[in-house]
Amino acid sequence: MRDGVVITGYGCLTASGADVSSTWEAVLAGESGIREASTWDSSGWPYRLAGEIKDYKPRELVADRKLLKFITRQDVIGLNAMTQAVDHSGIIEHRDGLADPTAFNDRTGVFVGSPATKYRYQHDYLGPLAVAAGDLREFGVRAMDDVHPMWLLRTLPNNVLAYVGIRYGFKGANANITAHGISGSQAVAEACRYLRDGAIDWAIVVGYDSASELEALPYYASVGLLSSRGLRPFDRSRDGTVLAEGAGALVLEKREAAELRDAKIYGEVLGSSVVAEAGGILSVREDGDGVARAVRLALADSGLRPDQIGMISAHANGGRDSDAAEARAFSETFGASAIPVTAFKWSLGHTIAASGAIESILTLLCLANRRVPGVPTLEELAPECGGAMVSASEQAPRSPVGIVVSRAFAGLNSCIVLSSNA
Amino acid sequence: MSGPRAVAITGIGMVTPLGNDVESTWNAILSGESGVREIAGFDASGFPTRIAAEVKGLRAEEVIEDRKSLKYATPFSLFALAAAEEAVRDAGVRPTAATAERWGLVSGSGMMTMEFDFLQRFQREFAADGEIDLARLGAEGERFISSSEFARHRAVAGQALLHQRYGIRGYSANLHTACASGGQALGMAMRVVRSGQADYVLAGGYDTMINPIGLAGFCLLGAVSTDNDRPNSASRPFDRTRNGFVLGEGAGFMVLEEWRQARDRGAKIYAELAGEGNSLSSYRITDSPPSGDGPIQAIRGGLEDASETADAVDYVNAHGTSTPMNDLSETNAIKEVFGDHAYEMAVSSTKSQMGHLIAAAGAVEGILCALAIERSTAPMTANLRTPDPECDLDYVSDGCRSMQIDTAMSNSFGFGGSNSCLVFRSPGRVDSRER
């Protein structure tokens, strides 16, 4: 039996709440943070629903005001969730009590699920392009005059990783995962790998995104992935997803390290998996192959049988193909011993690179509180989704172990297995 | 077998500014060529830097016979496909129905996935005066973009193409830690094989930032050399007159394989990928501190992970970017970790000839370490003519050197402070250990 990886802190910022407890309460109360996009004038847009952060005030979300010049909106969101998690864990108080913090800093890693680049970053060049009118030489001259010298650094896909390090002085192993919808889950999985390998003893995990940016709405709609009416997972009338902003962060530690510092342990990451369907960037296999294999591998990694699982946090992005395939995978894997299924994107929207991290935290709360929230958007379970034991009303987990399923473009699927300590 | 599984490098492939495959790149390294020229891909005359190390003459239709995939490939995905194909062919093994789920893909990819042409069209269509017409974007945006453009702009576009082309159905990761991406990807891939999550991993990195937006970003920062009138010597790592790096582009891929399985099938093994050190500098976004703190932990971590002593290292392929701070910080890190041995081993930067391949750099330079071991040759640091008193190691500045190399190391340090150090060993050392 290998060393356990425990969860000693968490934090999030979502469309439904400014922290974990308000997000959790919103989900329990059946409230959604999805609205018409209001960070720009979206009036008249055919697809205008988005899960935006409410009352976005960067100066309140990130303490270091100088930093705001060097980072973008999604970095602010990620760093806010990260700070909540680090504060919650008490690891900084622990470190500050050490005679020599060098070893602690060297053995604390940072693992991030990042949205990579954004269309909006390039908008700084629209002015120079307009003036240059197709003349590249003129564009070069104008860009040097008009664009902020720090442009490249502001747009780095690994800014959150870098600034977690700079903020706290952590110097351990790190990874910045840019794998679309599984990024947040894979950040958890890779943190566990480096913890288990003995390269580090502590890890900060962050998943963040601002998926509902200006250009993303029409472009996602162009490939048929967005709903103009709302995200209704597994429902007969589901017609697509809703993009959102958000971030989730966790503090993970080797059990031994956490116990040594008398940390409050909220739960444990028991196992994980990532698999690819290999069918192309936008393809989703009808038979749920990727989800089924991801779940089986994660259970094997955890040393658990399907009947030991107490609940499922489904990817449930509201897509016609993806939800149906996922439900098929659940019935294939869990058979008659149907496991309660819930979902969170109907409330938070689809935060893409953040979703696996946020949903891992919410799953931990489900297990700790022994409550599997209902999915209030469910009016009529689609026949092709019959394999998912999802309900509009609350259910109870069958055991203190839950799984979190995440899916992404490129046919990527991941599964995280968690247990609660409560 | 006791202990963790050893990881063999059984196939290699690359596309670099020095050549579109392994042999042409290696031959160019031996003959001291430079891949740096005046930028040919677009009119760079308005930028302060007008030189770069571009890939030359790679023809898309020779890389992908299948027209449909081509629609989904940006230039850097094309580099990835070409390098991966060479690596898979070289390994002499590819996924089958029986093994597809035991194959993984771990890659480091670049940050610029939106094409400049698309941005130009966007500007003409929706921002004629430089400001976005929101009502028009809302009404017309859906029809403006094609589905293949949408696909190409995803950060996972290259990952999707590689999975599909080879039918790789197991573990998958796509990483971006700027200039450390390729090194970190090889390190993670090694751990995936070691842990038994996969028996084979196609691992590497691919990137280009040689486009008007990428060049603008680096010029604005003042990070790239402006030696426009002498491109061949613009990249001169560890030289006292160094004044910034030179942008390169390309891809490097390896097939990593569980050692005994590779031996059992009679595979050619270039080297063992023996250890990974991975650290964060947590100092500044663009630099490590002069003391080498950050890189020091990565180098120590790599040695420890490979169960190797510092004295055993024969050759270091340095990050060596040719920026004033990197080369000093890296030199000091090497001195701190290796002590007197720092002066007894060969340390060189192949960026002196091929420029900085950003997210691909660590992958290509890892392959060069495997070749250095296989061919008993340490690549050189070209253009080092004016010694820097603070950079006083043996940088192999007088041409490539014939020498036995049992243990080699590759450093990659990224913007954002991520550091990767990989340790490579000659195959004979593993076989004697495994016996």
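Helix α14(A) is mostly covered, with 11 of its 15 residues buried. This comes from a predicted model, so the numbers below are all computed from predicted coordinates. The buried set in α14(A) consists of A:Ser322, A:Asp323, A:Ala324, A:Ala325, A:Glu326, A:Ala327, A:Arg328, A:Ala329, A:Phe330, A:Thr333 and A:Phe334. Among the elements that cover these residues are α13 (289–302), β9 (311–313), β10 (340–342) and β12 (401–408), which belong to chain A. As for length, α14 (residues 320–334) of chain A should span 21 Å at 1.5 Å for each of its 15 residues, and this agrees with the 22 Å between its end C-alpha atoms.

Helix α3 (residues 73–89) of chain A can be checked in the same manner. At 1.5 Å a residue, its 17 residues should span 24 Å, and its end C-alpha atoms sit 25 Å apart, which agrees. Since 13 of the 17 residues of α3(A) are buried, the helix is largely enclosed by the rest of the structure. What follows α3(A) is A:Gly90, and its phi is positive, near 70°.

Now for chain B. It holds 16 helices and 14 strands. The radius of gyration of chain B is 21 Å, close to the 22 Å that the globule rule gives for 435 residues, so chain B is as compact as a globular protein of that length. Its C-alpha trace spans about 70 × 55 × 40 Å along the principal axes. Of the 435 residues in chain B, 64% are buried. Taking contacts in chain B between residues at least 6 apart in sequence, 81% join residues at least 24 apart.

One pair of helices shows how parts of chain B pack. Helix α4 (residues 75–91) and helix α8 (residues 157–166), both of chain B, meet at an angle of about 35°, and their axes are 9 Å apart. The crossing of α4(B) past α8(B) is right-handed. On the α4(B) side, the contact is made by B:Phe76, B:Ser77, B:Ala80, B:Leu81, B:Ala84 and B:Val88, while α8(B) brings in B:Ala157, B:Gly158, B:Leu161, B:Leu162, B:Arg165 and B:Tyr166. Sorted by class, the residues of this contact are nine nonpolar, two polar and one charged. As a bit of background, an α-helix has 3.6 residues a turn, so residues three or four places apart point the same way.

What about a single residue? B:Asn326 lies in helix α13 (residues 324–338) of chain B. It counts as buried because 27 C-beta neighbours lie inside 10 Å, where 20 or more are needed. Setting aside neighbours within four places in sequence, B:Asn326 is in contact with B:Asp287, B:His319, B:Thr321 and B:Phe413. B:Asn326 and B:Thr286 are 40 residues apart in sequence, and their C-alpha atoms are 9.1 Å apart in space.

Finally, the two chains touch each other. The contact takes 75 residues from chain A and 74 residues from chain B. On the chain B side, helix α10 (residues 212–221) gives the most, with eight residues. That side of chain B has 39 nonpolar, 29 polar and six charged residues.

Definitions and conventions
Residues numbered from 1 in each chain as written. Chains lettered and ligands numbered in written order. Predicted model: local features only at pLDDT ≥ 70, side-chain atom pairs only at ≥ 80, totals over all residues. Contact = placed C-beta atoms within 7 Å. Helix = DSSP H or I, 4+ residues; strand = E, 2+ residues; numbered from the N terminus. Nonpolar A, V, L, I, M, F, W, Y, C, P; charged D, E, K, R; others polar. Axes fitted to C-alpha atoms, helices over the stretch in contact; angles between N-to-C directions. Left-handed = near helix turned anticlockwise from the far one by under 90°. Rg over C-alpha atoms; globule rule 2.2 N^0.38 Å. Buried ≥ 20, exposed ≤ 12 C-beta atoms within 10 Å, placed from the backbone. Expected span 1.5 Å × (residues − 1).
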